[in-house]
Amino acid sequence: MTQSPIKVNGARLWQSLMDLAEVGATPLGGNCRLALTDEDKTGRDLVIGWFRDEGMSIRIDQIGNIFARREGRQADLAPVMCGSHIDTQPTGGRFDGNYGVLAGLEVIRTLNEQKITTEHPIDVAIWTNEEGSRFVPVMMGSGVFSNTLTLEEALSAQDKAGISVRDELKRIHYAGTEAVGGYDVKAYFEAHIEQGPVLDTENLPVGVVTGALGLYWYDVVVTGQECHAGPSPMSYRRDALKTSSQLINRILTIADSRQPDGRVTVGELDMHPNSRNVVPGRVKFSVDLRHSDKAELDKMHDEFAALLSEEKKEGIDIELKVVQKMPPTHFNESCINRVRDAVNSLALPHIEMISGAGHDAVYLSRTIPTAMIFVPCIGGISHNEIEDARPDELEAGAHVLLNAMLAEAGSVL
């Protein structure tokens with residue numbers, strides 16, 4: 001029999017978040033815990049200790065994913081899982097990823113405190129290298145678990161210093177022996193700060209997440225020829241920056257007619273030789289296209305490719321590389337209903353929404369029934385040391401996570 005709604009201890013959840021935030025703390029109140037660094041190891045050790053304090057068993061797989069299990073009445077049943085990540089951006093915040101893991105811990109603490117037994121086991125996962133700020137590709141641990149990435153591809157990835165994931169896992173003693181994936185999971189729920197401004201602007205404590213935007217990531221390289229800025233008349237130049245600027249201005253309009261779900265971003269720009277009195281001979285820039293509808297995303301891709309063709313001119317070469325492609329994600333309707341039911345039982349004001357960012361849940365949804373829960377972050381600011389959240393809204397999201405998981409796992413009187 002399901003006991004609902006049940007509530008977590010919000011003060012305890014907040015304290016856990018603050019305690020973890022001390023690991024890799026930055027001067028502006030954020031966190032720097034890059035994947036598989038000493039700080040990541042310390043954070044992992046701390047959270048595993050909390051799991052063990054609650055009587056949970058610990059498993060670590062070959063890509064360093066951590067699974068803490070609270071046994072159910074029937075140990076042979078597939079677990080109900082939640083989780084997220086605890087690695088951060090170089091100037092990251094205290095809540096991105098960490099909230100999903102520690103809300104899962106708070107679910108376990110509440111079940112133990114209230115002596116509630118579940119039919120199914122409950123797993124809390126910590127996924128390796130979600131951020132991708134040190135090692136590429138992003139969402140690495142969940143990518144291997146969901147068969148989106150190969151284990152060898154992930155282990156062979158290197159950071160800018162040429163250090164591999166394989167070597168760093170060994171160094172920090174998180175190179176587990178368990179095979180990655182290969183077992184059934186009944187459902188996966190992930191609680192996360194929104195990382196955007198909608199919930200905070202609308203003054204809503206919870207978002208029911210129905211899916212995630214699809215995306216294309218590209219690198220564009222425009223090559224002309226560098227020359228001296230003084231002696232070279234404008235008409236004689238093969239100026240890579242001039243062509244790039246014209247391109248970027250047009251690219252940034254692609255999403256204008258595709259609101260509210262269309263997105264386009266040029267986030268990286270690199271010029272060569274990057275000298276004050278030299279006309280740039282090469283410019284490399286990134287392009288990020290996103291939409292919730294596959295057909296619209298493909299049209300955006302086609303429009304983008306057409307722009308590159310239109311801007312080609314004599315003496316200028318334009319090279320396009322697709323770095324990553326991810327189709328729009330639609331979460332499992334049954335899992336979404338679990339979240340809806342929990343929100344309604346708790347009488348929480350909410351909206352249904354699409355995630356604009358990628359999360360471990362996106363990869364996991366390819367093989368596991370999945371849904372997400374969003375809570376606001378103040379000002380919509382994330383991937384920033386000043387990232388912040390309100391304790392009562394973090395608590396509300398954890399209430400929802402607890403009750404959705406309990407309904408899925410089944411409780412025993």
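**Note on the aromatic pairs**

1. Nine aromatic pairs are present in the structure. The model is a predicted one. One of the pairs is Phe67 with Phe145: ring centres 5.6 Å apart, planes at 40°. An angle over 60 degrees would count as edge-to-face and one under 30 degrees as stacked. The pair is therefore tilted.

2. This pair joins distant parts of the chain. Phe67 belongs to strand β2 (residues 66–70). Phe145 belongs to helix α4 (residues 140–145).

3. Are the two partners buried or exposed? Phe67 is buried, at 0% relative accessible area. Phe145 is also buried, at 7% relative accessibility. The cut-off for buried is under 20%.

4. Phe67 has a further partner, Tyr183. Their ring centres lie 6.3 Å apart. Their planes stand at 85°, so this pair is edge-to-face. Tyr183 sits in the loop between α6 (165–171) and β6 (187–193), while Phe67 is in strand β2. The pair therefore ties together parts that are 116 residues apart in sequence. Tyr183 is partly exposed, with a relative accessible area of 24%.

5. Which residues do the ring pairs link into a cluster? They are Phe67, Trp127, Phe145, Tyr183 and Tyr188.

6. Charges over rings deserve a separate point. Arg44 places its charged end over the ring of Tyr174, 4.9 Å from the ring centre. Arg109 lies over the face of Trp50, and here the distance to the ring centre is 5.8 Å.

Note on methods. Residues are numbered from 1 along each chain as its sequence is written. This is a predicted model: local features need pLDDT of at least 70, side-chain atom pairs count only at pLDDT 80 or more; totals for chains, interfaces and linings use all residues. Side-chain values use heavy atoms; hydrogens and water are left out. Rings of Phe, Tyr and Trp (its six-membered ring) pair if their centres lie within 6.5 Å; planes under 30 degrees apart count as stacked, over 60 as edge-to-face and the rest as tilted. Helices (H or I, at least four residues) and strands (E, at least two) are DSSP runs, numbered from the N terminus. Buried means under 20% relative accessible area, exposed over 50%, partly exposed in between (1.4 Å probe, protein chains only). A charge sits over a ring if NZ of Lys or CZ of Arg is within 6 Å of the ring centre and within 35 degrees of the ring normal.
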